[in-house]
Amino acid sequence: MGLACLAGCTNANRQLNDCAIPLQSRARNHTRAATFAVVDSPDSEPASPLVSRPEIRPVPATEPATQPVAAPAPAAGDADPLPADHDGCFVGLALSGGGSRSANFAAACMFQLERLGLLQRVDYISSASGGSLPAAYYCCSGPDQWNPANVQKKFTHSFATDLIRETFSPWGLTALGFTDYNRSDILANIFQRELFSRDGRGFTYADLRPDRPRLLVNATDLQTGRRFVFCNESFNQVNSDLAKYPLAYAVAASSAVPIVMPPVTMRDYSTIFPQYRHLIDAGIADNLGIETLVETFSAHVDSARANGQPDPYPKGAVFIVVDSHTNYDAALSNKSDIGVFATLKAAVGLSSTSLLNRASSATLADLIVRRAPDDVPAAKLRADIDRLNTNGYLTLKDKTGHTVRVVYLALSQVSNLSSAPFASFGESVNSIGTYFDIREVDAYYLYQAAELLVRQRFQAPLGDLVRELDAP
């Protein structure tokens with residue numbers, strides 16, 4: 001028990017460079033998690049869109065994931081090249097939050113995209129909260145792990161039940177009472193044990209597979225309220241070694257719902273003074289995870305233009321958004337007296353769901369408005385927003401002249417499908433709560449919902465999109 005208490009620590013990140021090393025001589029992070037864009041400091045005004053800069057451009061996928069602590073300064077003109085894109089199109093996948101409901105629905109949609117040949121063309125995955133589980137798991141797993149049978153078993157694990165049991169165990173109570181160890185550490189350890197480890201070794205960002213998309217896990221900085229992206233650029237800023245950072249802690253930070261879970265803490269090693277970042281659920285800043293993808297695409301295009309380089313994405317961009325929000329249904333209609341606790345639970349669920357749903361709708365609308373050319377009339381913008389929400393698919397020209405396609409796979413759309421396994425299918429799906437426990441029958445409904453949604457509404461446009469990407 002004493003060793004368990006001593007194992008607790010405030011932060012899981014490790015220093016990359018000694019602070020005595022001059023700034024221009026410091027090593028940089030080169031993992032598969034990279035936006036190649038400027039990252040805002042806590043005291044700066046947010047940049048929109050982010051603009052790339054030469055000193056933080058990506059490295060070839062063959063470069064080792066870790067760097068020595070005291071790396072020599074790069075020679076002039078030794079900037080890393082922008083990534084080569086085999087199809088000339090930026091393809092980004094955004095996975096929203098929503099606990100185990102989101103984890104299972106996002107995974108189910110990913111298998112459908114894989115069936116159509118589109119998941120294999122994704123360049124970046126950006127995730128929030130529960131969507132970070134399948135995002136990170138896919139990016140560190142091979143065929144033996146990433147398959148429907150294994151994923152369905154993994155993502156129906158009762159993470160919340162484990163958290164409660166381990167929190168109130170003798171070692172848990174002792175560690176929580178006498179060390180800096182907290183419930184987010186316990187949740188991260190559960191994620192690592194169940195998802196992000198092999199043969200007893202926990203996965204870090206150095207274990208991301210080079211044949212998978214680049215992973216961008218999002219959280220929210222509690223001090224500033226802005227997005228914090230677990231990527232090379234953010235860790236360069238705090239002088240921390242991303243290659244040694246556990247994937248499970250990034251996912252736990254992305255899922256740390258305020259009040260329910262304490263923040264995940266990171267040490268800022270850019271200074272000798274004790275400074276920390278406190279990270280909470282990504283849904284506070286962007287529950288869809290789409291803004292990180294848009295800014296990354298903008299950074300690539302702006303950098304190429306600024307440096308006189310060829311357009312890296314002559315075929316434009318594809319943004320696939322998997323939104324696991326539901327039209328909240330507390331299943332109370334058959335009860336005459338629901339009691340105080342049931343009322344409180346339903347009220348909290350309805351309030352949080354409504355707020356997140358409004359925020360998600362505003363994010364999608366902002367995506368269209370911000371990327372639109374200056375001469376597009378307001379009537380067309382409103383029509384585009386309505387078309388995306390109604391049809392789930394939109395093609396438009398952005399202000400740089402690129403063709404942008406937005407695919408919006410929303411769980412809430414299932415209620416409008418023409419056929420369903422049974423009459424109350426939509427109601428059953430909308431009753432699945434936002435927790436990290438899920439019943440197997442509910443997970444089954446989510447896989448059915450993803451298949452119905454893709455086959456009935458998106459089969460044709462997604463098939464056309466794959467053929468377009470395959471064209472010379």
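Asparagine 239 sits in the loop between helix H8 (232–237) and helix H9 (247–254), where helices (H or I, at least four residues) and strands (E, at least two) are DSSP runs numbered from the N terminus. Although asparagine 239 is not a glycine, its phi is positive, at about 55°. With a relative accessibility of 2%, asparagine 239 counts as buried; buried means under 20% relative accessible area, exposed over 50%, and partly exposed in between (1.4 Å probe, protein chains only). The model is a predicted one, in which local features need pLDDT of at least 70 and side-chain atom pairs count only at pLDDT 80 or more, while totals for chains, interfaces and linings use all residues. Residues are numbered from 1 along each chain as its sequence is written, and side-chain values use heavy atoms, with hydrogens and water left out.

Serine 129 also has a positive phi, of about 50°, although it is not a glycine. This serine 129 is found in the loop between strand E2 (124–128) and H3, and counts as buried at 5% relative accessibility. Helix H3 itself (residues 132–139) is largely enclosed by the rest of the structure, because eight of its eight residues are buried. Among these buried residues of H3 are Pro134, Tyr137, Tyr138 and Cys139. Tyrosine 138 has a charged neighbour: arginine 212 lies over the face of its ring, at 4.3 Å from the ring centre. A charge sits over a ring if NZ of Lys or CZ of Arg is within 6 Å of the ring centre and within 35 degrees of the ring normal.

Next comes helix H2 (residues 99–115), whose 17 residues reach 25 Å from the first C-alpha to the last. That is close to the 24 Å expected at 1.5 Å a residue, the expected span being 1.5 Å times one less than the number of residues. H2 is mostly covered, with 15 of its 17 residues buried. Glycine 117, which follows H2, has a positive phi near 85°.

Aromatic rings give another view of the model, and a search of the whole structure finds 21 aromatic pairs. Rings of Phe, Tyr and Trp (its six-membered ring) pair if their centres lie within 6.5 Å; planes under 30 degrees apart count as stacked, over 60 as edge-to-face and the rest as tilted. The pair of phenylalanine 111 and tryptophan 146 is stacked, because the ring centres are 4.6 Å apart and the planes are at 20°. Phenylalanine 111 lies in helix H2 and tryptophan 146 in the loop between H3 and helix H4 (148–155), so the pair ties together parts that are 35 residues apart in sequence. Phenylalanine 111 is buried, with a relative accessible area of 11%, and tryptophan 146 is buried at 5%. Tyrosine 444 and tyrosine 445 form a tilted pair, 6.2 Å centre to centre with 45° between the planes. Here tyrosine 444 is partly exposed, at 49% relative accessible area, whereas tyrosine 445 is buried at 16%. One aromatic cluster is formed by Phe90, Tyr124, Phe297, Tyr313 and Phe319.

Tyrosine 435 is in the loop between helix H14 (425–430) and helix H15 (440–470), and is partly exposed, with a relative accessible area of 43%. From C-alpha to C-alpha, tyrosine 435 and phenylalanine 159 are 9.0 Å apart in space, although 276 residues separate them in sequence. Phenylalanine 168 is in the loop between helix H5 (159–167) and helix H6 (170–178), and is exposed at 58% relative accessible area.
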